[in-house]
Amino acid sequence: MRKSEVLAAESVACLNKALCHLKDIWEEIGIPEEQRLERTNVVKNHIKGLLDMMIAEEENLRKRLTASIESCRKELNKVCLELQLPTFQEDRSNTMLQQEKDIRTCLEVMLKEKSQRMQALKALIEQDQDLCDILCSEPYSISASSVPSLEQLESLRQHIAALTAEKEQRHSKFVELKKKIILCMDDLDQLPETSFEKDIVCEDEEAFCLSKENIDSLKVLLHQLESKKAENERICESYREKIQELWDRLQISQEDRDAISENMTLSKKRNMEALQAEVNRLEELKLKNIKNVTMAIRDDIAVFWEKCFYSTEQRQAFVPYYDDNFNEDLLSLHDAEILRLKQHYEDHKELFEGVHKWEESWRLFLELERRATDPSRFTNRGGNLLKEEKQRSDLLKSLPKLEKKLKAQIDLWEQEQRREFLVQGQKFMQFVTEQWELHRLEKEREKQERHLKKNKQTEEDMLYGTAVRTPTKRRFLGSMTPCKARKLNATSSTSTGTSNSTMRSVFGGTVCHSPVSRPPISASKGNAVRTPVRGKPPNPGLAERNKENICHLNCGISGGLKTPASPQRNFSINSVASTYSEFAVIVSAESVQSSEISPRPLSQSAPQTS
């Protein structure tokens, strides 16, 4: 049983007890029945009125609760609809008080969420409007009066973040372009003229509208200024080249040159005007010295003729070069010719430099070839012999590669220009082939001369005996053991065809030979010319004493000439030195052996050669 029911039962019992007590009092007093009835009726009416009043109050409370529930339920549904949330699900089993409490609590939460969303929307709209004003773009499309959804708020935040990043990027770009524009204007001595230029230079950076159109306009303005600056620099550079050329031709003093030294480095507007004035002054001075200037230009033309490998016919084609009637027209023709030659050289500079490099390498190669036949190179110090041999070997490898590269460049040039590339009036590869052929013929001629000289010396030695040749610059001390001598002789005999030096030694009559240099890919191949030379037969009485010298009759030269052997005996040379130290040891050994085997009589000794 509920406590309220127990309390109600106690109330009824209390009322009954009160009525019984009233009845006892009335009986003790002796109140008549009519008055008792009247008094009991008053008690009943009083209690009934009190209970009716209490019941009316409770009924009124129930009505208020019902009205409140309905009102809160309607408002809650409306707010959920605005917030785009599902409607509140009530628990119908709850009492009216609990239902009213639940609905009212949920409504308060929803109203708070609505207020927060509206405040966030207001702040985001203000930020978006500020960014749009700076970037000159359209605001984000969203209603400021309706409650936004969470997705709409997130989308607006992302939009504002993108605008903020775009603003930072455009602002940094604007600052960068502004600095460059100011520097270009300073270099050009130019002040802002249009309102847009004044806004860029003079206005505050934060006040500038960072629209895409303005950024593009900034880029266009910067490009125009840079183009104008580049044009001024190009003009100033042309003025400087012209001034330098006229200074050299007119032989202007250093003091006059230093007067405009500042203008020779800067390219501002005032510098360009000063350079132009200097050019005009020098042009007037040039007209007063036409002959000297023309002769100076002719010197430059001759230099470029050499650089461009002009043939005699090509040089004679420029007739004004040989005209001595100096006037302005002749000077103009020379100016035009030197400009044409300079442009021609610049257009094909790589090709001309390659040809010059080949010529320098070829001259060095010929010089090294000449040194290879010099006997004194074996007496030097410091390892120059090895350096020269290495350098000559490198040139033998690099020259064909360079020729092949130049041939490819020349073929491409001839295809583009549709004319032949001439060097000194002939095709370059033909010129290279001729140089190699001349070198080969010169080597053959030198071989024949050495062969004839050797045969003549051999005949004299066979007739009059072998002269002991003593080195004058350097003596080789010490001797070799037989084992070492045999080892060196065996080694030198295997390296006869690969020796790196060519000379007729002055020590003890020993002869060393170097192989003929390999021709390049452009050189023609031909068989070596062999010219047999017949010597006189040796005196039998002196043959035994001169057997060391007789062994030099059959000297094998790679690609060179050979002399028939004597009928008595065949000999071959094994002492071909490939290095300086080996050469010294072999010569020392053979000198000792020669002195032991065939001593010369005093009556037949020949004068010594130093």
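A disulfide is a pair of cysteine sulfur atoms within 2.5 Å. In the predicted model described here, the number of disulfides is 0. For C80, the closest cysteine sulfur is that of C106, at 5.6 Å, which is too far for a bond. C80 is a buried residue, with a relative accessible area of 1%. C236 is likewise buried, and its relative accessible area is 0%.

The surface was examined next. A nonpolar patch is formed there by L50, L51, M53, M54 and I55, which together have about 470 Å² of accessible area. One of these residues, I55, is placed in helix α2, which covers residues 33-82. The relative accessible area of I55 is 49%, so this residue is classed as partly exposed, given that a residue counts as exposed over 50%.

Charged pairs were then considered. Side chains of opposite charge can pair when their charged atoms come close. Across the whole structure, 28 salt bridges are found. One of the pairs consists of K229 and D187, whose closest N and O atoms are 2.8 Å apart.

E283 is partly exposed at 23% relative accessibility, and K242 is partly exposed at 23%.

A further salt bridge joins D248 to R257, and the closest N and O atoms of this pair are 3.4 Å apart. D248 has a relative accessibility of 45% and counts as partly exposed. R257, by contrast, counts as buried, at 17% relative accessibility, because the limit for a buried residue is under 20% relative accessible area. Beyond individual pairs, salt bridges with shared partners connect K242, E283, K286 and D335 in one network.

Conventions:
Residues are numbered from 1 along each chain as its sequence is written. This is a predicted model: local features need pLDDT of at least 70, side-chain atom pairs count only at pLDDT 80 or more; totals for chains, interfaces and linings use all residues. Side-chain values use heavy atoms; hydrogens and water are left out. Buried means under 20% relative accessible area, exposed over 50%, partly exposed in between (1.4 Å probe, protein chains only). Patches are made of residues with over 30% relative accessible area and no salt bridge: like charges are joined within 9 Å, nonpolar side chains (Val, Leu, Ile, Met, Phe, Trp, Tyr) within 5 Å. Accessible areas come from the Shrake-Rupley method with a 1.4 Å probe; for residues, only the protein chains shown count as cover. A salt bridge is a side-chain nitrogen of Lys or Arg within 4 Å of a carboxyl oxygen of Asp or Glu. Helices (H or I, at least four residues) and strands (E, at least two) are DSSP runs, numbered from the N terminus.
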